[in-house]
Amino acid sequence: MIYKFQSKADSDLFMNAGPAQRILSIIGKSAGPQGIIEPAEMPAAIAALEAAVQEEEQARNAALEADAADGQAASAAQPIGLKQRAWPFIQMLKRCQQADTPVVWGV
């Protein structure tokens, strides 16, 4: 299932169900088949996503430091994290907030 986020202030953003549902959960929205984020909700949504990204980055760095302390070699491959998945959505929210335009989604 693919989520499509739309706004008159930005181009469409498509996201797989897993990452979209996680992002919507972080900003306190139900991951239903349709929804809307009003401009008044956007500052809190942006702050929640940025805080979640920061928290995940800190946890990843702590795990890497713990592995290094245990003498384990760090893997060269890095999984795609919330930072990479949320960045386009955060940018969309910022542009829509500036244009005072809601973001709607559908499946």
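Predicted model: local features only at pLDDT ≥ 70, side-chain atom pairs only at ≥ 80, totals over all residues.
Residues are numbered from 1 along each chain as its sequence is written. Local features need pLDDT of at least 70, side-chain atom pairs count only at pLDDT 80 or more, and totals for chains, interfaces and linings use all residues, while side-chain values use heavy atoms, leaving out hydrogens and water.

Helix α1 (residues 17–26) and helix α2 (residues 42–69) have axes that come within 9 Å and cross at roughly 115 degrees; helices are DSSP runs of H or I of at least four residues, strands are E runs of at least two, and axes are lines fitted to C-alpha atoms over the stretch in contact, with angles from 0 to 180 degrees between N-to-C directions. That makes α1 roughly perpendicular to α2 (65 to 115 degrees). On α1 the contact (heavy atoms within 4.5 Å) is made by R22, I23 and I26, and on α2 by A48, L49, A52 and E56.

Turning to the aromatic rings, Y3, F5, F89 and W105 form one cluster. Rings pair if their centres lie within 6.5 Å, with Trp represented by its six-membered ring; planes under 30 degrees apart count as stacked, over 60 as edge-to-face and the rest as tilted. Three pairs are found in the whole structure. Among them, Y3 and F5 are stacked, at 6.4 Å centre to centre and 20 degrees between the planes, whereas F5 and W105 are tilted, at 6.0 Å and 50 degrees. Because F5 lies in strand β1 and W105 in strand β4, the latter pair ties together parts that are 100 residues apart in sequence.

Technical notes: Parallel < 35°, antiparallel > 145°, perpendicular 65-115°, else oblique.
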